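Here is a short briefing to read alongside the structure. Take a moment to look it over, and then work through the points below.

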Amino acid sequence: MNLNAKESSCVCLLAYQDIVEHLNIRAMSLENYEVLPVETQEMQIVQVDAVERANVDSQVSTAKMYPRSIKRSIDNSIVMATMDAETAQSCGYALPRGGKPITGPSVHLAKIIVSNWGNMRTEAKVVQITDKQIISRGTAWDLEANVASAFEVRRSIVDSKGRRYSDDMITVTGNAENSIAYRNAVFSVVPKAVVDKVYKAAQKFITGDLSDEEKLIKRRTDAINYFNDEWGITEAEVIKLCGKQTVNQIKADEIALLLGMVQSLKDGDTTVDELMKPIRDSKEAKAEKLAKVSEQAAASANRTIGKEPQQKSLL
């Protein structure tokens with residue numbers, strides 16, 4: 001009995017020692033798991049912040065050491081913006097809002113000005129994608145003047161039937177949003193007087209010398225034909241886009257407006273449906289369409305009657 005009791009005591013003692021050793025090992029592993037990675041992560045964050053702060057300080061110091069020449073920046077921007085007709089055309093946009101087109105300098109002009117203005121940090125990126133919207137943020141920081149600005153742009157990623165866009169369309173929408181956010185941020189930092197000077201030079205370049213009536217007619221005809229060939233927009237619709245009543249009222253300013261619309265369509269800032277919706281959905285347009293359909297139906301009926309065999313007279 002005494003022997004069995006001793007054996008039982010030894011077994012219990014060994015089991016207890018195993019349990020204690022297991023708990024100690026587990027506690028050590030938990031301690032290592034919980035503490036060490038957190039310390040490492042905090043150290044990494046501190047290191048990244050220190051590197052970024054040093055990078056910014058270096059850029060600010062360089063900007064103060066080598067200040068920009070405003071005149072040289074403007075002159076170089078104008079030279080680049082008016083390098084050729086295609087570049088000059090890309091410097092403006094035109095979008096329909098409330099039945100009237102709004103115009104202004106585009107993201108392409110913003111990039112030209114930033115590259116010549118110098119001493120700037122700029123960025124644009126998608127910051128959030130929800131079920132129905134995509135949000136982009138553009139930032140611009142003038143390191144020399146210590147002026148910064150950030151703009152957010154939101155766009156729907158749901159079509160008229162409530163269906164969510166495909167991944168490719170969401171990417172395209174995000175890129176278009178980034179361009180708008182970038183443009184707004186840059187033009188809120190760079191002085192408006194500088195932007196307007198370069199923008200007007202580009203607009204004058206694309207319209208060219210239209211003092212001669214023959215040159216004006218040619219540019220106007222080319223613009224109208226381009227809208228018709230590329231997007232099926234008729235001459236009558238182009239006249240309405242310009243807010244005019246007759247084609248002869250389309251002058252240099254209206255040609256610049258049309259070219260801005262072309263650039264907006266190319267950049268994806270708008271679509272043909274959005275551009276033409278105020279015109280094609282108007283009561284006047286619907287009445288004209290109905291009248292045209294009636295004329296076509298009447299013409300078709302007349303052709304049918306004309307083809308029927310005529311009965312020969314008995315006389």
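S73 counts as buried because its relative accessibility is 4%, where buried means under 20% relative accessible area, exposed over 50% and partly exposed in between, using a 1.4 Å probe and protein chains only. This is a predicted model, in which local features need pLDDT of at least 70, side-chain atom pairs count only at pLDDT 80 or more, and totals for chains, interfaces and linings use all residues. Residues are numbered from 1 along each chain as its sequence is written, and side-chain values use heavy atoms, leaving out hydrogens and water.

**Around S73**
- Helix α2, residues 70–81, holds S73; helices (H or I, at least four residues) and strands (E, at least two) are DSSP runs numbered from the N terminus.
- Leaving aside residues up to four places away in sequence, S73 touches R68, N116 and W117, with contact meaning heavy atoms within 4.5 Å.

**The sheet**
- An open sheet is formed by three strands in the order β3-β4-β5, with antiparallel pairing; two strands pair if DSSP finds at least two bridges between them.
- β3 (120–129) and β5 are the edge strands, each pairing on one side only.
- Nine bridges join β3 and β4, and R121 has W141 in β4 as its bridge partner.
- Strands β4 (residues 133–142) and β5 (residues 147–156) pair over 10 bridges, and T139 is partnered by A150 in β5.
- Four residues sit between the strands in the hairpin of β4 and β5, where N146 takes a positive phi near 55 degrees.

**Cysteines**
- C91 is buried at a relative accessible area of 0%, and C242 is buried at 9% relative accessibility.
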